[in-house]
Amino acid sequence: MTFTNKSTQEMKDRILHYLSDFAKGESAELAAEIMREEASEGIILKPADLQKKSEEALTLLLHRYSEFSISTIDAFFQRIIRSFTRETGLLGNFRLEVDNAFVMEEVIALLMSQLSANPDLRGWVLEFSMEKLMDGKDWDVRQALLEFAQKIEKEDFKAIEESVLRVTEDKTFFRSFRKRLTDQRNAIEKNVFEQAQQLMKEIEANQLTSDDFNGKSTGIYSYIKKLSREILLPSNTVSEIVQHAEKWPHKSSPRLQVVLSQAKNKWQPRLRDVVAFIEENMELYHSISCVLRNLYSFGLISDILRTQRKYLSDENLMLLSDASQFLNKLMHEQDTSFIYEKVGSFYRHFLLDEFQDTSGLQWKNLLPLIQNGISQNYSSLIVGDVKQSIYRWRGGDLSILQNQLERDIHPSLTATHTLDTNYRSNGLVVTFNNSFFNTAADLIALQSDSPFSKEAYREAEQKIAVKPDEGYVRIQFLETEEEDESFQDRSLARLPKLVEELQEKGVPLKDIAFLVRDNREGRWIANRFMEYRSSAEANDKYRYDVVSNESLMVDRASCVLVLLSALRILEDADHQIARAHLAFEYQKIWPTKAFADWNEIFTESKTAAFAKWMPPAFMQQRNRLAALPLFEMVENLIQIFNLGSVTDEVIYLQSFQDIIQEFSQREKNDLTSFLSWWELNREKKSVQVAGGVDAAQIITIHKAKGLQFKYVIIPFLDWELGHSIKEVLLWCKSDHPLLREAGYMPVRYASILKSTVFKEDYREETQRVNLDNLNLLYVAFTRAELGLIAFAPDVRKNKQGELKLSHVGQLTFQIIEHNKAWASHWLPNEKILEIGVLQHPTDDADKSEQTLSLKNYLVTTWRDRLQVRTRGMEFFTPNEKREKINYGIFLHAILSKVKTRADIEPSMVRALQQGIINESERSELEELVQWVVQIPQLQPCFDAKAQCKMEATLLTTDGFEKRIDRVAMMGTTAYVVDYKTGERTAKDVAQVKEYMQLLQGMGWKNVMGYLVYVQDKECVEVTI
């Protein structure tokens, strides 16, 4: 089991590839490593033994491919859930929905429809929308709610959702809880504000100003003034003044004695008591403020969750994201062995790959399966790397691999093997990463005040297996030359020249990968190369092709834009924007006039003249088209607008129709629903890029995990070490009497949490997010085989010469600056670290994969192809031709069941029972079968010791199937027998020869061929 569908296919391909190599005696380095490992376990394996075992394993896998089970964890859980539909109350035809966003759109629509009847919900939504407006976000609360609702899909919330629902079930909970918190907060504020305001009145009554007090506008006077409207503790300097009355007056104040007298007699003791009260209540005050600030989140999430549950129940749906939780509940109620037996599990050994990305619930569900295998003395293998745990946002929990796994299985039943040799990267790249991440882990541990990162990276150092003296690393820190120029602009400006430099060294574009943090950065790079390629700076010597999912957005293709505009017109014939857009895009593809006047097109799209810019069929068939199912409607539009012949955009049409098909299967097949859904989801739909394309790849670090590239370029080495988004909610609970009854409460991740009862939750999240971002850096830096190139923003220290570590660029700079081994490679003036020499990749740089591309998108109206088939009636119509055909079919059917002479009688009886023949036909057919079995030349073919295959199907190398009537194998000889019941033709011999040649190609040295003409009772030998 592994993490993604792509990984499952890649794993299957690798297993078959290496087994095939070992069987042929290839991949010698890996074969030698396997034999060394086996020898360390006391198993002596010779090259010939490995070759033989690999050949046997490969043969078994290919012949029992359905049992070659490599699956994602989610797919495995789905099988189990579907076996328990009746026990769990789900209808047998329930649908497991993968697209959570699609469901959530429906849920939010239902939620919005409840606003008028639910005043509490209306209040939550109002608070939510006001906060969005205050933050300068879009006023469209619907889209914002969709993004907000994603929080309930996270596994950390799913673990507590029952508790949240239970607490919020009482309709009065939120009102009473808010009142108690508000009353307590008001009481604290009233106590402090009233005393501070009274102090200010007395100060003003004595005609004193800030100049009369120590520190003037930043001292004790300013602090008292602030206390009259906000709760805060004094700075260290002011705190010292608060404790000593003689320090209150300013030395040069003419009213020094007044201040001193009042401070000693009245003000200092009172302010000291106020400060003591604040210190005593500050943690509670901040805690209450954090909870109240996010109380609308609490209410919204509980209402969204209830609405979602009702929707799923009404629609008989289950979300894929709920599968692990559902199965976990099921296991608490059932004996686990019964669960896995019911699903038909016959597996003994398990391999769990990318285990660091496994979630807590997934591990709970897999654990009984692993334990069951171990209890029967069957071993399992778990593979993972805590340093590559970058999917915590999807529930991945590295602590399971780090320490929990051994406890759950039992130390005596586990053995740990460290894979400490790097077979991917050249030596200098490995050496750089070894040194870099040892230091990085220490710095992150120091910053987060936790040894968490050091524990994760304690085995980060890897041994070198490939070219120890080769490899290339370049890290450059970029200064911005102009005030309005950003680091991103500077980095983007350098990328085309860098790609030219690599091509100058002989690096093909397909060996270059740009790693980015998110898709937005990917779009920047794609746009930069598109602009550069058409600029005067571009050089004809070089290519600037880049490819990424983001650069192939479906809705950017002209063909798709034509279809969408046509669909909008079918929905609303008077849609003026759609008419103008359709005329414009269609003329771009198939101009009907030379040098078309674009203004004329846009102007006439509002009038009846619009028709002259359109295919006649579209104007004539609009009513018919509008009545078609969605998929068929689009197929017809592709045909009418002749879009299938636009070769460059065939892939976009295929992708768009895939989207249409997927949408149509979700019980919504109407045009209006699709167009509404498309507006919300079009930015997510792109053409998936196939491997082997000769262009530089743009790929996110998350998607690059597990992959490798010759040269890796990281253009934006500047992502935050902490959370880069504001709206991170932590679900926390407290034992404080005022907060205890609420259970888990949402509080926003912010530094203020350090001063609340939630400080431990904040500390744990801080160390985890720091490690997440360090792991991202590790994954990015370790993808490179030959060279790593990165650009980071210029780093500036404060006046004390200190460097605050807030993003990975600053972390990288500090590591480089303090590494003495890199001193000779560091150019401080240019701020460039350069290790090694940029080299030409000599091994397989010239290899290119052959790809097959469709030139046209074929559309054929199915109504024109549908015909009533009448041939079947001939089977029952008695005529001479039909009788001959039936005769041949019956004879072949009986002979396919006869292995030896003893099988003739049972085969005839079975044919009678099954209605294949009748009694009147039996004697003649039986006589012919007896004659075939007794032919002298064919005796080896009907020998009980021979391995026989009747109606044997062969798959040729070009993908065609050939079916042979009978193949018998004895010793080193194979026999091919072909029965003929009709007229003799010249093709008969050629056909048998072809069968014989196929068998020779499979390794049979001696092949005998025979043609049996049953009607003439003649057996003819065929030779090659």
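**Ground rules**

This is a predicted model, so I kept to pLDDT of at least 70 for local features and 80 or more for side-chain atom pairs, while totals for chains, interfaces and linings use all residues. Residues are numbered from 1 along each chain as its sequence is written, and side-chain values use heavy atoms, with hydrogens and water left out.

**Whole chain**

I looked up burial next (buried means under 20% relative accessible area, exposed over 50%, partly exposed in between, with a 1.4 Å probe and protein chains only). Of the 1024 residues, 48% come out as buried. For contacts I used heavy atoms within 4.5 Å. Taking pairs at least 6 apart in sequence, 74% of the contacts join residues at least 24 apart.

I call two strands paired if DSSP finds at least two bridges between them. With that, 8 strands make an open sheet with mixed pairing, and I read the order as 9-10-8-11-14-7-16-15. Strand 9 (546–547) and strand 15 (826–827) are at the edges with a single partner strand each, so one side of each has no neighbour in the sheet. Strand 9 runs parallel to strand 10 (residues 696–700), joined by 2 bridges. Val546 sits opposite Ala696 of strand 10.

Then I checked what packs on this sheet. My axes are lines fitted to C-alpha atoms, for helices over the stretch in contact, and angles run from 0 to 180 degrees between N-to-C directions. Helix 22 (residues 519–533) touches strand 8 (512–516), strand 9 and strand 10, and its direction makes about 135° with that of strand 8. Helix 33 (residues 808–817) also packs on the sheet, against strand 7 (472–478), strand 14 (784–793), strand 15 and strand 16 (832–836), at about 115° to strand 7.

**Helix 32 on helix 33**

I followed helix 33 to its contact with helix 32 (residues 759–781): the angle is about 70° and the axes are 11 Å apart. My angle classes are: under 35 degrees roughly parallel, over 145 roughly antiparallel, 65 to 115 roughly perpendicular, the rest oblique. Helix 32 and helix 33 are therefore roughly perpendicular to each other. For handedness, I call a crossing left-handed if the near helix is turned anticlockwise from the far one by less than a right angle, and right-handed if clockwise. This crossing of helix 32 and helix 33 is right-handed. Asn773, Leu774 and Leu777 of helix 32 meet Val808, Leu811 and Thr812 of helix 33. By class, that contact has 4 nonpolar, 2 polar and no charged residues (Ala, Val, Leu, Ile, Met, Phe, Trp, Tyr, Cys and Pro count as nonpolar, Asp, Glu, Lys and Arg as charged, and the others, Gly among them, as polar).

**Helix 5 on helix 7**

I looked at another pair: helix 5 (residues 100–112) packs on helix 7 (residues 141–149) at about 125°, axes 10 Å apart. That makes helix 5 oblique to helix 7. The crossing of helix 5 and helix 7 is right-handed. Helix 5 brings Met104, Glu105, Ile108, Ala109 and Met112, and helix 7 brings Val141, Arg142, Leu145, Leu146 and Ala149. I sorted the residues of this contact into 8 nonpolar, no polar and 2 charged.

Strand 18 (residues 961–970) and strand 19 (residues 973–980) run antiparallel with 5 bridges; Met969 has Ala974 of strand 19 as its bridge partner.

**Other positive phi values**

Most residues other than glycine have a negative phi, so I noted the exceptions I came across. Asn377 has phi near 70° and lies in the loop between helix 17 (360–375) and strand 4 (381–382). At 73% relative accessibility, Asn377 is exposed. Asp449, with phi of about 55°, is in the loop between helix 19 (427–448) and helix 20 (452–456). Asp449 is exposed as well, at 63%.

Note on methods: Helices (H or I, at least four residues) and strands (E, at least two) are DSSP runs, numbered from the N terminus.
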